Amino acid sequence: MMSVTKIRGTIATVICMVALLGSVATAQIVGPPDTKRVKPPGLEHVGIDQRLNEQVPLDLEFQDEQGKTVKLGDYFKEGRPVVLNLVYYQCPMLCGEVLQGISASAKVLKFTPGKEYEIVTVSIDPRENSQMAAAKKANFMKRLGRPEAEAGWHFLVGKQPQIDNLANAIGWHYQYDPKSDQFAHAAGVVLVTPTGRIAQYYYGVEYSARDMRLGIIEASQNKIGSLADEITLYCYHYDPRTGKYGPVITNIVRLGGVLTIVVLGGFLALMFRREPGRAQAASANDPRQGRA
């Protein structure tokens with residue numbers, strides 16, 4: 001029988017190697033905005049500034065998709081991180097892609113919105129109302145195809161001061177263009193801890209389900225997830241520069257070394273255990289042993 005240590009070592013190495021291969025397959029082209037690049041006219045103030053570990057104002061009031069007045073803090077519960085994203089419901093293109101990216105990731109995750117984590121979508125357009133929020137929610141709940149997640153994905157609208165306070169708190173800068181009657185904004189989502197601290201940023205319109213799962217586990221302070229997830233987090237760390245998880249080679253090599261020692265030690269112990277038995281069996285079968 002394999003010892004618990006040996007089993008864990010085997011699991012650790014397998015998970016790390018599989019995850020290492022998976023990181024190549026799930027790599028995304030879209031990265032964080034280049035703040036040093038000169039932005040075109042009309043986009044000077046558009047982008048995302050990371051404000052890791054900053055507190056999100058949980059006392060801000062909005063209206064949910066049913067027209068009920070709620071506080072942002074109503075969606076922050078013990079052990080449940082929040083995937084927070086700012087869009088506007090009449091956006092002709094980018095916002096829909098962001099929501100589709102969230103939906104695609106949530107569909108793959110074994111975690112369920114409303115159980116292990118929450119999703120909060122807030123409109124940046126103060127002219128939008130709860131009916132628009134309800135229509136957008138119905139659309140994406142249909143795409144998600146998980147009825148049990150309906151209680152965990154919230155679509156909110158609000159007034160300009162509350163929207164601005166939230167956007168500034170998470171470093172999310174957008175700009176309204178009166179000529180096109182549209183908002184210029186960056187694409188991404190923010191992962192927030194159950195206490196309202198900003199934990200991670202994910203950029204672009206596609207979000208790796210693996211990264212999202214690991215981020216949710218970390219943001220919950222390992223209150224959810226499995227042993228395999230904990231070992232994977234030992235092998236992978238979140239990189240704020242890319243908004244993705246990357247392999248920690250030193251930890252992977254360390255685990256590989258431990259596994260090698262465990263396997264070699266187990267092999268030697270097994271061999272030494274077998275040798276006395278073989279010697280006794282050989283002695284019992286030797287016909288010369290019975291002669292005086």
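The buried residues of helix α2 are covered by elements that include β4 (82-87), β5 (118-123), α3 (130-144), β6 (153-156), β10 (188-192) and α5 (209-219). The model is predicted, and the protein chain has an average pLDDT of 79, with 63% of the residues scoring at least 70.

**Helix α2**
- Helix α2 comprises 15 residues, spanning residues 94-108.
- From its first C-alpha to its last, α2 reaches 22 Å, close to the 21 Å expected at 1.5 Å a residue.
- The residues of α2 that are buried are Cys95, Val98, Leu99, Gly101, Ile102, Ser103, Ser105 and Ala106.
- An α-helix has 3.6 residues a turn, so residues three or four places apart point the same way.

**Cysteines**
- With a disulfide taken as a pair of cysteine sulfur atoms within 2.5 Å, the count is 0 disulfides.
- Cys91 is in no disulfide, the nearest cysteine sulfur being that of Cys95, 3.2 Å away.
- Cys95 is likewise in no disulfide, and its nearest cysteine sulfur, that of Cys91, lies 3.2 Å away.
- Cys91 is buried, with a relative accessible area of 14%.
- Cys95, one of the buried residues of α2, has a relative accessible area of 1%.

**Confidence of the model**
- Over residues 4-31 the pLDDT stays under 50, and the model has 43 contacts beyond four places in sequence for this stretch.
- Residues 249-258 also have a pLDDT below 50, with 14 contacts in the model beyond near neighbours in sequence.
- Where pLDDT is low, the predicted coordinates should not be read in detail.

How values were computed. Residues numbered from 1 in each chain as written. Predicted model: local features only at pLDDT ≥ 70, side-chain atom pairs only at ≥ 80, totals over all residues. Heavy atoms only, no water. Helix = DSSP H or I, 4+ residues; strand = E, 2+ residues; numbered from the N terminus. Expected span 1.5 Å × (residues − 1). Buried < 20%, exposed > 50% of the residue type's maximum accessible area, 1.4 Å probe, protein only. Contact = heavy atoms within 4.5 Å. pLDDT = per-residue confidence, 0-100.
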